[in-house]
Amino acid sequence: MSYRYQLEDLLYLLYPAAPAIVDAISTNRRRVEHGLLSVGLKIHCLGDGAQFNEIVSELGGAQNVLEVNRYKNEYASLCWVLPPVGNARTAIQLLEAIELATKSNIFNNDDIQIQVCSPNRLAPRYAALLAIAFYLGSDVLRLYTLGDFATTFSKFHHASKYDRGKRLVLYDAAGDFDKDFKWWGLPFHGRPFVLTQLPFDNGRTDILTAKSKLDIQNINLVASLFCHLEEDGFWFQFGMQFENDIRSLLKRHQLEHIPGAPWVRSEHSPKDALVEHGDDAFMLAMQELMSYTLEDVIRVNRLGKHYFSEKTPDGPMGILWDMKTLLQKYRAKILEKSNLLQRGKKDGEVHDPGASA
Amino acid sequence: MTRAHQPNSNPIQIPQTVPNPLYTPQPSPAPAPERTPERVPEKVPSKVDHSPGETRGFSFV
């Protein structure tokens, strides 16, 4: 078990500092929104983590809350695993409540790394696209070194199937898995066939280095699209279209080869027999992506107000614009379709065999 | 902050985080100064011979 406390215990401690937020979390913590996936969070503290001492102590001490989990960023003083919640909005609220209770920043804090965990092990090609979409869609672009991705599971002393290398995307290490979140299956008369549990028993795909609320939202959106594509979920079509669109985007910017790098490592990774070889190959692709993105940042900043004027400047808008537009487009499509379904509930309920009579 | 430089060149400092300019609030343009309205002279009909309050065209007995 990665943690030995209940979410209710944590919410009880957070309540005095953030009563309204905690009430919202309590109401929505198991609620799946718009058929998107549940969200798990891990907070890696690169400072001394003193701001969390009181809460950790109240939850049962470091032994129960922190040390029970062997996994963390290589340079972190602690890794605090939070219980999963049903949607990205509630996950963000949970972090906001912790910020208020500890009087410290979690978002956009250089000493904090937020690991966003999505259920299901995506195929490596989808994990790669998830990482790329996360990076290009972030409101805080980071210039990584390989060391930023080092964790205690990067490489064991003896070769292990749990070697995860130094990568932006990580698979789970057969840890805890909460399957009891609703799943929107393939359409049944145009509406999602809602199951009471996820259609897989384990597996996670994690992004190691989120920083902001937008990052959590984007990771949740993209992971959901690819998970539905893989597992024949309700958003299967959107997932397929999204994959085509993001590959077209990369091709337009002559980066179509980037997803072919080993963005994630598992025991089945064929390309890198040695962990370090895969790390180097991944970092080459990451550096190319960062370099191209930085050029776009410089270009946009140079254009300044002309870039954002109503009349678009001559030439392409750039990769950052393209990715932002793509993510906004698919978020809007999902919300529109989901809201239509909700409005249609008046005539016929979303088919939910698990719903009580 | 990462320092990167070649020998005999000025060191450059590369920040580890770069704000995405698409999400950086852009300064809103200054409002245009208000222009005083130009005075438009009233067009006066060529013949006006009714007094205020009297509807032209009919009268009550």
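# Reading a helix pair, an interface and a salt bridge

Modeller: In this predicted model, helix α6(A) passes helix α8(A) in a left-handed crossing.

Colleague: At what angle do α6(A) and α8(A) pack, and how far apart are their axes?

Modeller: The angle is about 65°, and the axes lie 11 Å apart. Here α6 covers residues 124-137 of chain A and α8 covers residues 236-252 of chain A.

Colleague: Which residues of the two helices meet?

Modeller: From α6(A) come Arg125(A), Tyr126(A), Leu129(A), Ile132(A) and Ala133(A). Facing them in α8(A) are Glu243(A), Ile246(A), Arg247(A) and Leu250(A). Sorted by class, this contact has six nonpolar and three charged residues, and no polar ones.

Colleague: Next, the two chains. How is the size of an interface given?

Modeller: Often as the accessible area that is lost when the parts come together. For chain A and chain B, about 1,300 Å² is buried between them, with 68% of it on carbon and sulfur atoms.

Colleague: How many salt bridges and polar contacts cross between the chains?

Modeller: Side chains of opposite charge can pair when their charged atoms come close. Across the interface of chain A and chain B, zero salt bridges are found, while four residue pairs are in polar contact. Over all chains, the salt bridge count comes to 13.

Colleague: Where does Arg30(A) find a salt bridge partner?

Modeller: Its side chain meets that of Asp178(A), at 2.9 Å from N to O. The pair links distant parts of the chain, 148 residues apart. Arg30(A) is in the loop between α2 (19-28) and β1 (39-45) of chain A, and Asp178(A) is in the loop between β5 (169-171) and β6 (183-188) of chain A.

Conventions: Residues are numbered from 1 along each chain as its sequence is written. Chains are lettered from A and ligands numbered from 1 in the order in which they are written. This is a predicted model: local features need pLDDT of at least 70, side-chain atom pairs count only at pLDDT 80 or more; totals for chains, interfaces and linings use all residues. Side-chain values use heavy atoms; hydrogens and water are left out. Axes are lines fitted to C-alpha atoms, for helices over the stretch in contact, and angles run from 0 to 180 degrees between N-to-C directions. Helices (H or I, at least four residues) and strands (E, at least two) are DSSP runs, numbered from the N terminus. A crossing is left-handed if the near helix is turned anticlockwise from the far one by less than a right angle, and right-handed if clockwise. Contact means heavy atoms within 4.5 Å. Ala, Val, Leu, Ile, Met, Phe, Trp, Tyr, Cys and Pro count as nonpolar, Asp, Glu, Lys and Arg as charged, and the others, Gly among them, as polar. Buried area is the accessible area (1.4 Å probe) that two parts lose on being put together, summed over both. A salt bridge is a side-chain nitrogen of Lys or Arg within 4 Å of a carboxyl oxygen of Asp or Glu. A polar contact is a pair of N or O atoms within 3.5 Å; within protein, one must be able to donate a hydrogen and the other to accept it, and residues adjacent in sequence count only if both atoms are side-chain atoms.
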